[in-house]
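Subject: Structure for your files

Hello,

Here is the structure we spoke about. My notes on cavities and surface follow below.

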Amino acid sequence: MAELKRGLRMLRKRWLGLLISIMVCVAVYQVYKPLPNGVDFSAPVRSATNIQFLADRTYTVNGERRSEQQIFDAVFDMIAGARQIVLVDMFLFNDYQGQGAEQHRALSAELTAALIAQKQRYPELEVHVISDPINSLYGGRPSLHFAQLEAAGIPVTLTDLTRLRDSNPVYSTFWRLFVQPFGNSPGELLPNPFGEGRVSLRTYFAMLNFKANHRKLIIADNGHELTALVTSANPHDGSSAHGNVALRFNGDAAWDLFKSEVGVLAFSGEANPIFELQQLSETANNGLTVQVVTERAVERATLELIDGAKPGETLDLAMFYLSDRHIVNVLKAAVARGVILRVLLDPNKDAFGREKNGVPNRPVAHELMQAGVTVRWCDTRGEQCHAKWLMHRGVEGNTTMVLGSTNLTRRNLHNLNLETNVIVRGSAEAIPLQRGQTWFEERWNNLNDRHYSVDYTTYADERLWPRLLYRIMEATGISTF
């Protein structure tokens, strides 16, 4: 009997050792596995035409909150002008509004209706929607908007996130081995974390995997050429009051953006859109260039831009989340060598009716202030300061503006999420760059009798535990940023 017990103990140890070995192998592979085609994409620098800087502004006047929106009005204009192709890739595409009582613009219903109406007007129009599985709660609650689109003959592709690398391998390894094989379906066990109704336990397991197609863009023809729009804004009702920015442009860069999206369709199991539209290599005479960059290519371009700033030159940054250690370190180094740096951050206090703890921006802001960086906060009133924007102004008038979906965090920059940004280069006198600079100055200095921002002391947090929490969350990937 004693020998039998010893044999069983040895067997259990061997099985446990085998299981641990399998989990370690899965974890290592999923962190370093090859990327799908189309990820970490850096397009050539292109000339472009009809470049427009757009912004959604939310501010207060005498304590009353007001909003001015341009971005989705431009999106709907692009859809209305399309005759051959519309491709939409948007992260949040739903009507969830969180726990707050505030009413929001019904962006998700507006976008759904606009796509269906244009498809009905022009039945031969190719319309494709790419989005993130979060909008169906990873299979736990079907999307009414997606069902309406499919019924109208518009295919909806939910990105195959399993093809992406894992940002938090400690949890994701468990999920891949013991949850993913069983899929997901509607359930009634737990409350819907985003709205009404109930969902399954597997929905929560999938949500905790912290992975997303975070891109936000639209591509459409205007009858003879492609037009593109890259933004930080989502067609999400609960996000409709957020501050955001966008760039609209025509030319070869729009085809580069389309190429990057074909890659997402391919690794998610969908065929390429087929349409007849000649690619025009028109040379613009506006002196501006546009470059499309995705995922880690955004980090490389951002680091190069900050590292290349010379003493006396200016860097302005407006960011929803700032946490990536590479970026934080080069920002501090830029100030140390004499670059004029201004950083405008969301205070990370509002999330659809829930109160957040200020991580990561408040501990990062403390670190930047200690290094001599000037920091201000957006004075949010329930909405979020959601733009992801950077501008460099050289002493000789050369200016570079970077904007898009990408927060400056490890998950957004290190080939873990799907992200898309655009880089605009040219003279500071160019209208799109002027408008980008005006947008920042307005927010930084509270111009035109509008109140946007407050000084650093308003949300300063110099406690040790938020700094430790931020560093642990950033390093492990066990975070939502």
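How do the residues of the lining of the largest cavity divide into nonpolar, polar and charged? They are three nonpolar, four polar and three charged (Ala, Val, Leu, Ile, Met, Phe, Trp, Tyr, Cys and Pro count as nonpolar, Asp, Glu, Lys and Arg as charged, the others, Gly among them, as polar).

This is a predicted model, in which local features need pLDDT of at least 70 and side-chain atom pairs pLDDT 80 or more, while totals for chains, interfaces and linings use all residues. Residues are numbered from 1 along each chain as its sequence is written, and side-chain values use heavy atoms, without hydrogens and water.

Cavities. There are six of 30 Å³ or more (a cavity is a set of points on a 1 Å grid over the protein atoms alone where a 1.4 Å probe fits but cannot get out; lining residues have an atom within 4 Å of a point). Volume is the space filled by probe spheres set on the points, which are joined across faces, edges and corners. The largest cavity holds about 90 Å³, and its lining includes Thr58, Asp379, Arg443 and Tyr452.

Strand 18 (388-393) gives the largest share, three residues (strands are DSSP E runs of at least two residues, numbered from the N terminus). By class, this lining has six nonpolar, three polar and one charged residues.

Regards

Methods. On a 1 Å grid over the protein atoms alone, a cavity is a set of points where a 1.4 Å probe fits but cannot get out, and a pocket is an open set with protein on both sides within 12 Å along at least five of seven lines; lining residues have an atom within 4 Å of a point. Helices (H or I, at least four residues) and strands (E, at least two) are DSSP runs, numbered from the N terminus.
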